[in-house]
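Let me put the thing up on the screen and then walk you through it.

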Amino acid sequence: PLVTEGASSQFIVYLSNSSSSETLLDINLVAGTAEAGKDYKGLLSEASFSAGVSYDPASGKVRVSPGVSSFTVTVETIDDTIDEPSETFSLEVGGKSATTTILDNDPAPTVKAVAGDTVIEGESAVFTVDLSNSSSTETSYSIKLSGDTAESGMDYNALLSQATFSTGARYDAASGTVKVDANVSNFTVTVATIDDKTDESN
């Protein structure tokens with residue numbers, strides 16, 4: 001099956017024939033690139049079965065009622081806000097398996113907001129950067145320091161290579177960008193201001 005994250009994946013199981021008595025079959029959910037509990041519900045006790053079929057947690061097997069030759073197993077996938085590639089997981093029943101591909105529905109993250117603060121000269125200014133969402137891979141964004149009424153080099157240290165970035169973010173001087181690690185949705189940039197002896201406006 002091919003499903004968008006957050007939708008249910010339905011597996012169809014066909015038996016070679018039906019039986020006049022109840023049968024037990026081995027059954028397992030197997031993680032591929034998708035992670036159980038994060039990308040899909042990995043407990044078979046949470047899955048839905050059709051045709052009177054049920055999962056027996058004591059034996060770890062599926063109970064198939066007499067006369068049943070096919071049934072479905074429905075597994076819920078989990079909708080998140082992480083930009084990620086398509087991921088897979090499989091259902092194994094009686095030695096046979098099928099794979100579901102989960103399609104991501106989240107855009108690549110963008111910078112949502114940047115917030116600064118008011119500091120006394122000589123103290124450090126902390127900027128908080130919020131992203132629209134996180135990504136499963138490293139992302140990068142343009143970054144620069146610019147003065148309004150403050151003058152670079154006189155009122156604040158304008159070198160981003162000397163700024164301090166919180167865990168999960170770092171400045172790349174070669175590209176002039178900030179690189180953000182996977183699964184990070186916000187970070188801070190701390191810039192030193194310069195204490196001088198000049199009486200001046202804010």
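Predicted model: local features only at pLDDT ≥ 70, side-chain atom pairs only at ≥ 80, totals over all residues.

Now look at the faces of E12. Thr139 and Tyr141 make up the covered face, while Ser140 and Ser142 sit on the uncovered one.

Let me stay with Ser142 for a moment. Ser142 belongs to E12, which runs over residues 139-142. Is Ser142 buried or exposed? Well, the relative accessible area of Ser142 is 70%, and the cut-off for exposed is over 50%, so Ser142 counts as exposed. Leaving out residues up to four places away in sequence, Ser142 touches Gly176 and Thr177. If you go 41 residues along the chain from Ser142, you get to Asn183, and the C-alpha atoms of those two are 19 Å apart.

Okay, next stop, another sheet. This one is open, with four strands in the order E10-E11-E16-E13, and the pairing is antiparallel. At the edges you have E10, residues 111-115, and E13, residues 164-165; each of them has a single partner strand, so one side of each has no neighbour in the sheet. For E10, there are four bridges to E11, residues 124-131, and the two run antiparallel. One to click on there is Val111, whose bridge partner in E11 is Leu131.

Now let's zoom out. How many helices and strands does the protein have? Zero helices and 16 strands. The radius of gyration is 27 Å, well over the 17 Å that the globule rule gives for 202 residues, so the protein is more spread out than a compact globule. You can see that in the box, too: along the principal axes, the C-alpha atoms fill roughly 95 × 30 × 20 Å.

A few totals for those of you who like them. Of the 202 residues, 31% count as buried. The accessible surface comes to about 11,500 Å², and carbon and sulfur atoms account for 48% of that. If you take contacts between residues at least 6 apart in sequence, 68% of them join residues at least 24 apart. And on charges, there are 10 positive and 30 negative ones, with their mean positions 10 Å apart.

That's my tour, thanks.

Notes. Residues numbered from 1 in each chain as written. Heavy atoms only, no water. Buried < 20%, exposed > 50% of the residue type's maximum accessible area, 1.4 Å probe, protein only. Contact = heavy atoms within 4.5 Å. Rg over C-alpha atoms; globule rule 2.2 N^0.38 Å. Areas by Shrake-Rupley, 256 points an atom, 1.4 Å probe, with all protein chains shown as cover. Lys, Arg positive; Asp, Glu negative; His and termini not counted. Charge placed at Lys NZ, Arg CZ, Asp CG, Glu CD. Pairing = 2+ DSSP bridges.
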